[in-house]
Amino acid sequence: MTAAFHSRRIERLVRGVDTADGAGVKLKRVLTQDLQRRLDPFLMLDEFRSDNPGDYIAGFPPHPHRGFETVTYMLAGRMRHRDSAGNEGLLGPGGVQWMTAGRGVIHSEMPEQEEGLMHGFQLWINLPAARKMIPAAYQDIPAANIPLLQLADGITVKVIAGEYAGQPGSIQQPDTEPLYLDVHVPAGQSLDVAIPAGHNAFLYLYQGSLLAPVTQQVLAAGHMAILSAAGDGVTLRSEEGARALVLAGKPLQESIAQYGPFVMNTRAELEQAFDDYQQGRLA
């Protein structure tokens with residue numbers, strides 16, 4: 001006999017806020033700065049989605065980062081990455097770009113298309129103080145190299161980072177030990193997703209609807225659900241079908257000092273990052 005699965009409850013629902021970033025790219029900001037403490041080690045989550053080139057064509061021209069990691073996951077469209085370390089790559093549908101800014105990098109992310117749907121996500125994950133000044137690193141992971149589990153009743157789980165049901169994801173990171181899953185639950189089905197004890201966790205519903213665990217409240221697309229600390233994981237149940245990101249990470253429990261694209265531990269470190277960028281010493 002297997003033990004009963006106890007789902008974490010939804011502690012809070014957050015609706016994404018429409019905004020713009022880069023050179024005017026329209027996007028939905030889901031995880032904002034006021035939630036960084038609660039969702040440590042996660043700093044930000046954006047969803048960009050449009051079939052109007054005017055919303056995305058200007059892209060994200062060269063800009064700096066220091067002290068954290070960026071994870072870009074594309075569902076549709078293509079984005080060209082170039083950075084000051086000499087890296088270049090084309091991120092295509094279903095692919096992931098995992099960039100560790102470390103001590104500093106200047107990069108650009110520009111659409112490689114002039115029409116069609118552009119849809120994806122960018123997640124920021126903090127680095128611990130001891131690793132904020134490591135050399136920058138970059139990984140391009142095409143869709144074919146990301147494990148996709150085909151489960152019973154049409155359920156699929158894409159394992160981007162961490163592990164699901166014994167299947168390691170494409171990325172394993174120390175310190176924050178992130179779990180990053182893209183889950184499809186067809187109509188009338190449900191799935192229990194285990195989450196490591198002690199990890200802060202949330203899910204972002206980007207298509208369809210879900211029934212909230214325990215309360216059975218209907219959750220609509222465009223909402224982030226912050227999950228409580230207690231429980232084995234989260235139960236995803238849908239009456240009409242749903243697609244959602246499930247994210248969890250081990251909290252760093254360190255001070256956070258952020259100024260735009262720099263995330264450090266103290267104000268003095270932020271000032272140093274800004275000065276290094278102005279003086280051409282960042283990357």
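Where is glutamine 173 found? I looked this up to begin with: glutamine 173 is in the loop between β16 (167–168) and β17 (179–185). I note that strands (E, at least two residues) and helices (H or I, at least four residues) are DSSP runs, numbered from the N terminus.

**Ground rules**

I am reading a predicted model, where local features need pLDDT of at least 70, side-chain atom pairs count only at pLDDT 80 or more, and totals for chains, interfaces and linings use all residues. Residues are numbered from 1 along each chain as its sequence is written, and side-chain values use heavy atoms, with hydrogens and water left out.

**Glutamine 173**

I checked its cover next: glutamine 173 is buried, with a relative accessible area of 16%. Buried means under 20% relative accessible area, exposed over 50%, and partly exposed in between (1.4 Å probe, protein chains only). I then listed what glutamine 173 is in contact with, leaving aside neighbours within four places in sequence: Glu69, Trp98, Thr100 and Pro178. Contact here means heavy atoms within 4.5 Å. With glutamate 69 there is also a polar contact, side chain to side chain, at 2.6 Å. A polar contact is a pair of N or O atoms within 3.5 Å; within protein, one must be able to donate a hydrogen and the other to accept it, and residues adjacent in sequence count only if both atoms are side-chain atoms.

**The four-strand sheet**

I traced an open sheet of four strands in the order β5-β10-β7-β8, with antiparallel pairing. Why is one side of β5 and of β8 left without a neighbour in the sheet? β5 (60–65) and β8 (88–91) stand at the edges and have a single partner strand each, so one side of each lacks a neighbour there. Two strands pair if DSSP finds at least two bridges between them. Inside the sheet, I found five bridges between β7 (residues 79–83) and β10 (residues 105–111). Arginine 82 stands opposite serine 108 in β10.

**The seven-strand sheet**

I followed another open sheet, this one of seven strands: β2-β3-β4-β11-β6-β9-β12, with antiparallel pairing. Its edge strands are β2 (17–21) and β12 (137–141), each pairing on one side only. β4 (residues 42–50) and β11 (residues 118–126) are joined by eight bridges, in the antiparallel sense. Across this pair, I saw phenylalanine 42 opposite isoleucine 125 in β11.

**Around β14**

Strand β14 (residues 156–161) is mostly covered, as six of its six residues are buried. I looked for its partners. Three bridges join it to β13 (residues 148–150), running antiparallel, and five bridges pair it with β17, also antiparallel. Valine 157 has bridge partners in both: leucine 149 in β13 and valine 183 in β17. Between β13 and β14 lies a hairpin turn of five residues, where aspartate 153 has a positive phi of about 65°.

**Helix α1**

I compared the length of α1 (residues 267–278) with expectation: its twelve residues should span 16 Å at 1.5 Å a residue, and the end C-alpha atoms are 17 Å apart, which agrees. The expected span is 1.5 Å times one less than the number of residues. Which residues of α1 are buried? They are Leu270, Ala273 and Asp276. These cover an arc of only 125° around the axis, which puts them on the same side of α1; the arc is that of the directions from the helix axis to the C-beta atoms. What covers them includes β24 (257–259) and β25 (262–264). The face turned away carries the exposed residues Arg267, Ala268 and Gln278. Just after α1, I noted glycine 280 with a positive phi of about 75°.
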